Amino acid sequence: MSPMLLLAIMVAETVLVGAVYLLYPWIVRKGLLFGVYVGEEVFDSAAARALTRLWYRGMAIVLAVGVAVGAALALAAATPVALVMPVTLQTLGFLGLYLWAYRRARRLAPAGPPPAAVAPLAATLPPSPLLPALTMAVGVACGAFAIAHAWAAYDALPASVPIHFDITGEPDAWRPKSIPTVMLLPAMALVLGIGLGGLAWLTANAKRGLRRFDQGASLAAQMRFRTAMTRFLSGTALLTSVMLTAMSVSIIRVGLGRAPALGRWEMALAGVLVLWAIGGTVYLSVRYGQGGSRLENANAATPLTNGIADNRNWVLGMFYVNRNDPSILVERRFGLGYTLNFGNWKAAALFAAFTAAIVVLLIVAATTS
Amino acid sequence: MEADLTLAVEWGTAEPVYEQIARQLRTLIAAGDLRPGSPLPAVRTLASDLGVNLNTVARAYRLLADHGFVLIRDRAGAEVAAPAVTPDPGSLAPLWQELREVLLKLRQAGVTADEVRRAIASVVAPTGGETR
């Protein structure tokens, strides 16, 4: 890959990821400051605004350093590490700045009893489970098909199989044929299809974080946000399953010598998935805000309640731990989407199982590349 | 059911959480805000919203069912019960005794008979309070 192309991709990638990080303080629910519930009044205070400004300045420096390092690697060494290093530096910088801001925000948190817990009594149905169920079924079907297809073609594959392709779809790296090498992508199709579809289903039934005395406004905002997130995750799961399955079939065709490169359809699917993921994240953030924050409007002055507002149940503002709460997914305090209730053994088990599957796949990928 | 009806649980108070839940539901039912036949949230949903143990919500619902305020229909969940048409004398005796004790305490605290009548009217009025 030419240095200029590498540079262009690196800059685009850094800008996109950086833009998502920069959205976080803007989409947060009123009352939450860098993972700490400080109350709606303190949230609007000069101290809170000053902290947010400092965080933005820090992130600007992190982004600039990331781009500079990536540019140096791209132009001087023309190495693909130029695509990984800036995002890695950005993410580490983002985490470091967040933890710094979290500690400062804790000093602004009010003393006193924990906030009340509030639950609506109106009958509200979660988003339909049909779409997540369908995506899981598609994930299983695609994964099973990809595995069966690769297995059937295994003996006919040559001694050396392609494992990496350049941006035009042509193979640029090969490894000796082995079951892990050939089955990696089909296994990923199965695991990610089921995992992402399952995540969509859990999102549809996630814990609600309401405001008190707001005539149901936060409940309505929450339900709209959850529906939108469920659809987004279901779409991501479907695209991932189909894309990985198509890639697996295409790679087998290239390995068997029936095609010189990956097909345009498979490459296009990969592009659609990236656009869906990034575009969807930005759209959800701008249109809905975290937890429906941008739909709460004037009612956002009323206090947040238990779960989302109780600082006792949050570790570093990122990890929710409440053994009494049967919820598996709860709304994140900083960022977009949901996080697990690590005090619930079912959630912990799901996390462990999915993480183990990903780790195994990564180890196989590392040993076969 | 009104869209803005909510339950609130306050932490750190002497009243147990399940009693807070039961008391608020009892008040809403008696005031007519929750009408007979209205479904109550599923135990898991309410426990998730409040961040409490499933058993805490189940205990509150059982308490209300024991006093005739809700009907628990297993997998179909719980719903608000209609007031009994014909009172069961056996179940009324302890309630009358409880009322007498509360009235004695109110009298000792200086509450007048008129204030007691107004309090009774505010509770009984929404469901008719017909005499037999």
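**View 1. Chain B and how much of it is tucked away.** Of the 132 residues in chain B, 27% count as buried, meaning under 20% relative accessible area with a 1.4 Å probe, protein chains only. This is a predicted model, where local features need pLDDT of at least 70, side-chain atom pairs count only at pLDDT 80 or more, and totals for chains, interfaces and linings use all residues. Residues are numbered from 1 along each chain as its sequence is written, chains are lettered from A in the order in which they are written, and side-chain values use heavy atoms, leaving out hydrogens and water.

**View 2. The elements of chain B.** Here you'll find five helices and three strands, taken as DSSP runs (helices H or I, at least four residues; strands E, at least two). Start at the N terminus and the order reads β-α-α-α-β-β-α-α.

**View 3. Where chain A meets chain B.** The contact (heavy atoms within 4.5 Å) brings together 23 residues from chain A and 26 residues from chain B. The two chains bury about 2,000 Å² between them, 52% of it on carbon and sulfur atoms; that is accessible area (1.4 Å probe) lost on being put together, summed over both. On chain A's side, A119(A), L121(A) and P326(A) supply 33% of the area that chain A buries against chain B, more than any other three residues.

**View 4. A salt bridge across the interface.** The rule finds two salt bridges between chain A and chain B, each a side-chain nitrogen of Lys or Arg within 4 Å of a carboxyl oxygen of Asp or Glu. In one of them, E10(B) pairs with R212(A), their closest N and O atoms being 3.0 Å apart.

Key
Buried means under 20% relative accessible area, exposed over 50%, partly exposed in between (1.4 Å probe, protein chains only).
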